[in-house]
Amino acid sequence: MSPKQKDEATTLTKKSMGAAYGSVPTHDDENHALDEDRIRTVQRKMAFLTGMAAIGGFLFGYDTGVISGAMLPLAKDFALSPVQEEMIVSSTVFAAFLASLVGGSLNNSCGRRFSILVASGVFTVGAIIMGFAWNYNSMLLGRIIVGIGIGLASLTTPVYIAEVAQPSLRGKLVTVNQLLVTFGQFIAGMVDGALGEVDHGESAL
């Protein structure tokens, strides 16, 4: 046996002994470490995407709940009739219902992520209009636009979370959206109570 062959045989023997005693990492160990790094990276990204997507659930709960406390100062400042008050309250829910009917087609044609971005943009436009509303018509328009955004988000968010989640975590992460809906309603009630005695509190709402 030549010196070169002896060195190669010695190296192979050391590697096999080291692998047996755990002192030298093998190719399988390196692959396992890489797989664990990928899993941790995927889990971090999945948690971030879930949190961002579930914000739609929070906005759904908050905006449908906060109007109850805002109606008293709104009715006073805009001199609203009972029918107009009913329209402002119900318009968001009705617009969300109509938007959810067409949201499925938008999801299929443009994808989940694009639909969530559209819903976020629509909701932002509606919130701006409501923030600068000067009469009944402008407030009603803002409420309708916000309802469209809520309808798209409430339909798309659970589907998107279910698609990006790992099978073992899918049920838990989908419930995050529903949890944030109720949490948004809770925060809306707290805000209504805190600002109930403030003059012109609807601007802050």
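Mentor: Start with the record. UniProt positions are given in the numbering used here, and annotations may be inferred rather than shown by experiment. The model itself is predicted.

Trainee: Where does UniProt place the feature "transmembrane region"?

Mentor: According to UniProt, in an unreviewed entry, the feature sits at residues 46-67, 87-107, 114-134 and 140-162.

Trainee: What does the chain look like over residues 114-134?

Mentor: Residues 114-134 are 86% helix and 0% strand. The end C-alpha atoms of that span are 32 Å apart. Residues 140-162 are 100% helix and 0% strand, with end C-alpha atoms 34 Å apart.

Trainee: How many helices and strands does the chain have?

Mentor: The chain has 7 helices and 0 strands. Read from the N terminus, the order is α-α-α-α-α-α-α.

Trainee: What makes helix 4 roughly antiparallel to helix 5, and not oblique?

Mentor: Take the angle. Helix 4 spans residues 112-131 and helix 5 spans residues 136-164. Their axes come within 7 Å and cross at roughly 155°. Angles over 145 degrees count as roughly antiparallel. Therefore helix 4 is roughly antiparallel to helix 5. Helix 4 passes helix 5 in a left-handed crossing.

Trainee: Which classes do the residues of that contact of helix 4 with helix 5 divide into?

Mentor: The contact of helix 4 with helix 5 has 19 nonpolar, 6 polar and 4 charged residues.

Trainee: Which residues make the contact of helix 3 and helix 4?

Mentor: Helix 3 gives Leu106, Asn107, Asn108 and Cys110. Helix 4 gives Arg112, Phe114 and Ser115. By class, this contact of helix 3 with helix 4 has 3 nonpolar, 3 polar and 1 charged residues.

Trainee: How do you know which way helix 5 runs against helix 6?

Mentor: Use the angle again. Helix 5 and helix 6 (residues 170-195) pack at about 155°, with their axes 9 Å apart. The cut-off for roughly antiparallel is over 145 degrees. So helix 5 is roughly antiparallel to helix 6. Helix 5 passes helix 6 in a right-handed crossing.

Trainee: What residues make the contact of helix 5 and helix 6?

Mentor: On helix 5, Thr157, Pro158, Ile161 and Ala162. On helix 6, Arg170, Leu173, Val174 and Asn177. The contact of helix 5 with helix 6 divides into 5 nonpolar, 2 polar and 1 charged residues.

Trainee: Now one residue. Where is the place of glutamine 84?

Mentor: Glutamine 84 sits in helix 3, residues 82-110.

Trainee: Why does glutamine 84 count as partly exposed and not as buried?

Mentor: Its relative accessibility is 23%. Buried means under 20%, and exposed means over 50%. The value of 23% falls in between, so glutamine 84 counts as partly exposed.

Trainee: Leaving aside neighbours within four places in sequence, what is glutamine 84 in contact with?

Mentor: With those neighbours left aside, glutamine 84 is in contact with Ala79 and Tyr136. Also take leucine 140. Glutamine 84 and leucine 140 are 56 residues apart in sequence and 8.8 Å apart in space, C-alpha to C-alpha.

Trainee: And the whole chain: what share of the 205 residues counts as buried?

Mentor: Of the 205 residues, 30% count as buried. Of contacts between residues at least 6 apart in sequence, 73% join residues at least 24 apart.

Terms used. Residues are numbered from 1 along each chain as its sequence is written. This is a predicted model: local features need pLDDT of at least 70, side-chain atom pairs count only at pLDDT 80 or more; totals for chains, interfaces and linings use all residues. Side-chain values use heavy atoms; hydrogens and water are left out. Axes are lines fitted to C-alpha atoms, for helices over the stretch in contact, and angles run from 0 to 180 degrees between N-to-C directions. Helices (H or I, at least four residues) and strands (E, at least two) are DSSP runs, numbered from the N terminus. Angles under 35 degrees count as roughly parallel, over 145 as roughly antiparallel, 65 to 115 as roughly perpendicular and the rest as oblique. A crossing is left-handed if the near helix is turned anticlockwise from the far one by less than a right angle, and right-handed if clockwise. Ala, Val, Leu, Ile, Met, Phe, Trp, Tyr, Cys and Pro count as nonpolar, Asp, Glu, Lys and Arg as charged, and the others, Gly among them, as polar. Buried means under 20% relative accessible area, exposed over 50%, partly exposed in between (1.4 Å probe, protein chains only). Contact means heavy atoms within 4.5 Å.
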